[in-house]
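Please look over the sequence and the structure shown here before reading on. The paragraphs that follow lead through the model one part at a time.

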Amino acid sequence: MGTQSCLLGHCCGTTPAFTATGLSFIQRRAVGSGSWFARHRAASLDLHGEQRRCRRRGERYAVPLHAAGDRLTPFRSTRTDLSLYLIADVAYVSQLGSRQSLEELTERALASGCVRAVQLRDKRSSLRKTLELAKRLRAVCAAAGVPFLMNDRLDLALAVDADGLHVGQEDMPLEYVQKLVPADWIIGASAGSLSEVTALKQASTAERPIRLDYIGCGPVFGTQTKLDAGAPIGIRGLAHIVEAVAPLPVLAVGGIGISNARQCISQGKAAGIACISAILGAEDPRRAAEDLDAEIRRGRDLRVHPGF
Ligand SMILES: Cc1ncc(COP(=O)(O)OP(=O)(O)O)c(N)n1
Ligand SMILES: Cc1nc(C(=O)O)sc1CCOP(=O)(O)O
């Protein structure tokens with residue numbers, strides 16, 4: 001077994017099917033020094049010393065899996081973890097009939113300091129309209145120091161100098177995405193079933209490993225926001241996917257709100273949650289983000305102390 005496989009198998013309980021391929025996914029950087037994922041990884045590899053040195057230098061640290069944990073590459077990003085991920089959905093907000101624009105609602109959510117990433121999802125508008133919106137939302141995110149990602153549209157993401165891209169099963173395949181995007185982008189992909197996970201793994205070879213930062217997994221629960229989302233996979237389905245792609249972080253998506261966010265983290269073992277309606281449909285998006293973040297933290301505590 002190669003060092004990569006040892007590392008993965010040791011610290012993350014990776015399935016044999018995953019490790020047998022060598023390393024299907026490269027986690028290019030730890031999600032954030034304060035995240036559960038990073039802490040868990042650091043603890044497994046005894047990396048705290050380097051983590052502290054990076055922090056003193058004002059750098060983030062990253063653990064390239066191919067280095068088997070014996071080398072750390074400080075990553076220049078100022079990004080934090082992705083545990084609370086807002087999908088800024090144009091159609092959802094227009095159907096809300098809110099007097100506030102998508103940018104205003106996003107800005108209010110960002111004021112919480114709890115939203116770790118924002119993705120613009122615009123399925124309906126013209127390219128020009130989405131481009132203008134992307135520029136504005138990108139500026140709002142930059143002001144808050146939060147990464148801005150585009151859904152589906154690599155061209156628009158490049159045009160507005162986004163921080164990342166999220167692609168689904170029908171979008172540009174990841175092996176092409178990574179040929180075109182800057183090396184420091186956050187790249188996410190959707191997978192709602194084990195067969196979709198298998199397809200992602202098969203696209204990745206030892207010579208050309210696919211570079212991914214997270215998987216968006218859902219719908220975990222029923223959602224009115226994405227009508228073609230398919231049947232909910234539930235917490236057990238989520239946990240299976242988390243296990244199948246470990247150590248890649250998984251974000252639970254679809255029907256996630258204050259009543260189930262904690263369970264996604266504690267039982268589903270997700271690294272974070274991605275929401276539309278729970279934040280943008282809330283009376284107070286800032287408060288909603290704070291409450292969700294508190295639930296994420298409770299979920300993490302429950303993993304460590306199940307009796308709480
Ligand atoms: C974080 C996150 N996870 C999943 C999705 C869904 O993406 P996709 O499967 O491409 O579906 P659409 O959003 O494009 O309808 C997402 N957008 N974000
Ligand atoms: C954008 C999206 N993707 C999903 C998936 O299952 O991949 S579910 C979904 C909609 C999420 O909206 P809400 O938080 O309001 O349920």
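**Helix packing and the loops around it**

In this predicted model, Leu 194, Val 197 and Lys 201 of helix α10 meet His 240, Ile 241, Ala 244 and Val 245 of helix α11, where contact means heavy atoms within 4.5 Å. The residues of this contact of α10 with α11 divide into 5 nonpolar, 1 polar and 1 charged; Ala, Val, Leu, Ile, Met, Phe, Trp, Tyr, Cys and Pro count as nonpolar, Asp, Glu, Lys and Arg as charged, and the others, Gly among them, as polar. Helices (H or I, at least four residues) and strands (E, at least two) are DSSP runs, numbered from the N terminus.

Residues are numbered from 1 along each chain as its sequence is written, while chains are lettered from A and ligands numbered from 1 in the order in which they are written. Local features need pLDDT of at least 70, side-chain atom pairs count only at pLDDT 80 or more, and totals for chains, interfaces and linings use all residues, with side-chain values resting on heavy atoms and leaving out hydrogens and water.

Two packed helices are described by the angle between their axes and the distance between the axes. Axes are lines fitted to C-alpha atoms, for helices over the stretch in contact, and angles run from 0 to 180 degrees between N-to-C directions. Helix α10 (residues 194-202) and helix α11 (residues 234-245) pack at an angle of about 15°, with their axes 10 Å apart. This makes α10 roughly parallel to α11, since angles under 35 degrees count as roughly parallel, over 145 as roughly antiparallel, 65 to 115 as roughly perpendicular and the rest as oblique. In passing α11, α10 makes a right-handed crossing; a crossing is left-handed if the near helix is turned anticlockwise from the far one by less than a right angle, and right-handed if clockwise.

In the loop between β8 (214-217) and α11 is Pro 219, which is joined to Gly 218 by a cis peptide bond with omega about 0°. Pro 247 lies in the loop between α11 and β9 (250-253), and the peptide bond from Ala 246 to Pro 247 is likewise cis, with omega near 10°.

Most residues other than glycine have a negative phi, and most peptide bonds are trans. Asp 152, in the loop between β4 (148-151) and α8 (154-159), is not a glycine and yet has a positive phi of about 70°. Lys 269, found in the loop between α12 (261-266) and β10 (272-275), is not a glycine either, and its phi is positive at about 65°.

Turning to helix α6, which helices does it pack against? With helix α14 (residues 285-304), helix α6 (residues 102-110) packs at an angle of about 45°, the axes being 7 Å apart. That makes α6 oblique to α14, and the crossing of the two is right-handed. Here Leu 105, Arg 108 and Ala 109 in α6 meet Pro 285, Arg 286 and Ala 289 in α14, a contact whose residues divide into 4 nonpolar, no polar and 2 charged.

With helix α7 (residues 127-144), α6 packs at an angle of about 15°, and the axes are 10 Å apart. Helices α6 and α7 are therefore roughly parallel to each other, and α6 passes α7 in a right-handed crossing. The contact involves residues of α6 including Leu 102, Thr 106 and Leu 110, and residues of α7 including Leu 133, Val 140 and Ala 144; its residues divide into 7 nonpolar, 1 polar and 3 charged.

UniProt, in an unreviewed entry, places the feature "domain: Thiamine phosphate synthase/TenI" at residues 85-279; such annotations may be inferred rather than shown by experiment. The end C-alpha atoms of residues 85-279 lie 10 Å apart, and the span is 39% helix and 19% strand.

How confident is the predictor, and where does pLDDT stay under 50? The protein averages a pLDDT of 79, and 73% of the residues score at least 70, pLDDT being the predictor's confidence in each residue, from 0 to 100. The value stays under 50 over residues 1-51 and again over residues 58-79. Where pLDDT is low, the predicted coordinates should not be read in detail.
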